[in-house]
Amino acid sequence: MPSGTRIVEFDRPDMASGALGTAEAWARVNPPVSPEEREFQKTRIRSLLKSRNAVLVAHYYVDADIQDLAEETGGCVSDSLEMARFGRDHGADTLVVSGVRFMGETAKILSPEKRILMPDLDATCSLDLGCDPLAFKQFRAQYPDRTVVVYANTSAAVKAQADWMVTSSIGLDIVADLHRQGKKILWAPDRHLGSYIQRQTGADMVLWQGSCTVHDEFKGIELDLMRQEHPDALILVHPESPAGVVALADVVGSTSRLLAAVQESSADTFIVATDQGLLHKMRLAAPDKTFIAAPTAGESATCKSCAHCPWMAMNSLKGIADALEFNLNEVHLDPALGQRAKICIDRMLDFAAAHRQKIQPGADLAQEQALFAKVGPA
């Protein structure tokens, strides 16, 4: 294991044998950086983006300075799919994807002609790690009659085996539509999001048993205690969270939907059960409101509000600058694999267009809440 790293446990089920287990991976811990160093690296990045005809796209969960720099320089801050779509439609020759590995792969799938760089290619995702492509192939073979639906948080090699890819904001609609057609579903990899959609649609679903290391740690009992402390607060929950946490939510949805809830709701205090990286964008969107990170551990733990992906934390300003200056950490993908993986993504985008839906939520929170009450993300 490299020095300056931490060990992270994640779910790695062997669905072919029926065994459920955990495994360990490492995540690099970036050293503290002085304000002067941060400003130096930001100046360096601004210059390199211009000289390399590059654009920076960042996920809501990465460092606040990276988010701000992406928007300042004409890039974007969003969820994984919108990052890839923005990069595809942008005129830049090079995309710098600040997030985790599957996001860089998705960008390469949608923009095969562009150079895709990342601050750190070792930054990954527990859902991706916990769904090995070969194991997934063996699992699929047990259910040849099922329509394969995979979450965006998977490798290109898993997407290449799928009929549909979905995001948390459109997965329920797509599964509901497939259910109406009489389709039986094989879902991967997040068990919490999959079981949530299964409960709401009544679809016949076989679930891969993966989970997000961040969202899986939220505790319903701790969230209930926090609500007692802040009775007027709205609870915002990402559907990758356990059922007991989702049951306490006022709003359930993707990162974009939770952000919209903050902007549109009349509430002035929010308890947020997702990665703390999103709180930066929420505070910018509603500076007069109060945001409280939902607890991820019990009273006896040393950390009660530490919900932050260890791999998202590997993204750094220096990593971005070095990638641009020295052409480091380029994402390479077999073209044939990329073409196969693109099929399930295009199918989702075509579905959204045909149903005149957006991947992003609507602006009318009251209407959205009424429409999707007890249903979840659209």
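Me: What makes the sheet with the order β12-β11-β13-β14 a parallel one?

Reply: This is a predicted model, by the way. Its open sheet has four strands in the order β12-β11-β13-β14, and the pairing is parallel. β12 and β14 (290–293) sit at the edges with a single partner strand each, so one side of each has no neighbour in the sheet. Helix α13 (residues 277–285) packs on this sheet and touches β11, β13 and β14, its direction making about 170° with that of β14.

Me: How do you know that β11 pairs with β12 and with β13?

Reply: Two strands count as paired if there are at least two bridges between them. β11 and β12 have two bridges, in the parallel sense, which therefore meets the cut-off of at least two. As for who faces whom, Val 237 stands opposite Val 252 in β12 and has Ala 273 as its bridge partner in β13. Ile 235 is opposite Ile 271 in β13.

Me: Which way do the side chains of β11 point, and are they buried or exposed?

Reply: Leu 234 and Leu 236 point one way, Ile 235 and Val 237 the other, and all are buried. "Buried" here means under 20% relative accessible area.

Me: Why are the buried residues of α10 said to lie on the same side?

Reply: The buried ones in α10 (residues 220–229) are Glu 222, Leu 223 and Met 226. They cover an arc of only 100° around the axis, and that puts them on the same side of the helix. In general, an α-helix has 3.6 residues a turn, so residues three or four places apart point the same way. The buried residues of α10 pack against β11, α11, β13 and β14.

Me: What makes Ile 221 and Gln 228 of α10 "exposed"?

Reply: The label takes over 50% relative accessible area. Ile 221 and Gln 228 carry it, and they sit on the face of α10 turned away from its buried side.

Methods:
Residues are numbered from 1 along each chain as its sequence is written. This is a predicted model: local features need pLDDT of at least 70, side-chain atom pairs count only at pLDDT 80 or more; totals for chains, interfaces and linings use all residues. Side-chain values use heavy atoms; hydrogens and water are left out. Buried means under 20% relative accessible area, exposed over 50%, partly exposed in between (1.4 Å probe, protein chains only). Contact means heavy atoms within 4.5 Å. Axes are lines fitted to C-alpha atoms, for helices over the stretch in contact, and angles run from 0 to 180 degrees between N-to-C directions. The arc is that of the directions from the helix axis to the C-beta atoms.
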